[in-house]
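Please read it beside the sequence and the coordinates.

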Amino acid sequence: MPEASPSPTRALRLGVAGPVGTGKSSLIGMLCRELGDTLELGVITNDIYTDEDARMLRAAGVLDPERIRAVETGACPHTAIRDDVSANLLAVEDLEADFAPLDLVLVESGGDNLTATFSPALVDAQVFVLDVAGGGDVVRKGGPGISRADLLVVNKTDLAPYVGVDAPLMAQQGREARDGRPVIALSRTDPSSVAELRAWVLDVLEQHRSGGHTPVDPGPMAPHSHADGPLHAHGGEGAHTH
Ligand SMILES: Nc1nc2c(ncn2[C@@H]2O[C@H](COP(=O)(O)OP(=O)(O)OP(=O)(O)O)[C@@H](O)[C@H]2O)c(=O)[nH]1
């Protein structure tokens, strides 16, 4: 398990969670392109049955393929980032040992629904990714990731006119739901939004290195179900019940 107060010498571990298809892998690829020249990076992906996201990122050529590793999570992808994070921690620690010293390890959750959050035992900070194509009302539905992740991203703003969503309003409602925690309206076609994301990550890294960053638990996941499984919940104290 990582130390309670992260050593400024180890890499910042940044989780990226959010519903299926909102652009988590793309955002990680974007950060690799933006930061790969100046920082030593590693990536861990979580998929239910495959290593699809890792293969997609390797194929994108954004990072040395050896620095992108996959964790196969089995039926419930949330367990692996929330209740029993051992497989992910081992993957992060192996990556850090193999490519020491790393500056930043990006950990992508398996996309599933609105409830996924990382345990602070696995990541130091977390980004929750929504997209405009999921509908403008998604922000108002709330959930621990939307309300309390270190950063909320409203992604694919370039698609907003085509799906009838007011992206600035969606971002504003995100800010209102988050008591001032940051929100970035992002599109890979909007360089200023990409620069804003880059700056946010560098700021958190700087705080991590100076000992000024405290990992915050957004809170446990709400009860949810998977395509082939019953409704279940993940307890806040490491319990996992089906
Ligand atoms: N128009 C547009 N499409 C985007 C943007 N970012 C990502 N996409 C597209 O959205 C789709 C899903 O992106 P992914 O990065 O695979 O999403 P994901 O959240 O990792 O998906 P899962 O791992 O399956 O949950 C892909 O077709 C991307 O090309 C964006 O800024 N604008």
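## Nonpolar core

Leu14, Val153 and Val154 touch the most other members of the largest nonpolar core, which has 60 residues; such a core is a set of buried Ala, Val, Leu, Ile, Met, Phe, Trp, Tyr and Cys residues joined through C-beta atoms within 7 Å. A residue counts as buried if 20 or more other C-beta atoms lie within 10 Å of its own, as exposed if 12 or fewer do, and as partly exposed in between, with C-beta atoms placed from the backbone. Strand β5 (residues 125–131) gives the most to this core, with five residues. In soluble globular proteins, nonpolar side chains tend to be buried together.

Leaving aside residues up to four places away in sequence, Val153 touches Leu27, Val127, Val129, Leu130, Ile184 and Leu186, where contact requires that the C-beta atoms, placed from the backbone, lie within 7 Å.

## Confidence of the model

This is a predicted model, in which local features need pLDDT of at least 70 and side-chain atom pairs count only at pLDDT 80 or more, whereas totals for chains, interfaces and linings use all residues. Residues are numbered from 1 along each chain as its sequence is written.

The protein chain has a mean pLDDT of 87, with 86% of its residues at 70 or more; pLDDT is the predictor's confidence in each residue, from 0 to 100. Over residues 1–6 the pLDDT is below 50, and this stretch has five contacts in the model beyond near neighbours in sequence. Residues 236–242 also have pLDDT below 50, with eleven contacts beyond near neighbours in sequence. Where pLDDT is low, the predicted coordinates should not be read in detail. The model scores ipTM 0.99 and pTM 0.89.

## Overall fold

The protein chain has nine helices and nine strands, assigned as DSSP runs (helices H or I, at least four residues; strands E, at least two) and numbered from the N terminus. Of its 242 residues, 46% count as buried. Among contacts between residues at least 6 apart in sequence, 74% join residues at least 24 apart.

## Annotated binding site

An unreviewed UniProt entry lists Gly18, Pro19, Val20, Gly21, Thr22, Gly23, Lys24 and Ser25 under "binding site"; the positions follow the numbering used here, feature names are shortened, and annotations may be inferred rather than shown by experiment.

Lys24 lies in helix α1 (residues 24–35) and is buried, because 28 other C-beta atoms lie within 10 Å. Ser25 is placed in helix α1 and counts as buried, with 21 C-beta neighbours inside 10 Å. Not counting residues up to four places away in sequence, Ser25 touches Asp53, Met56, Leu57 and Glu108.

Terms used
Two residues are in contact if their C-beta atoms, placed from the backbone, lie within 7 Å.
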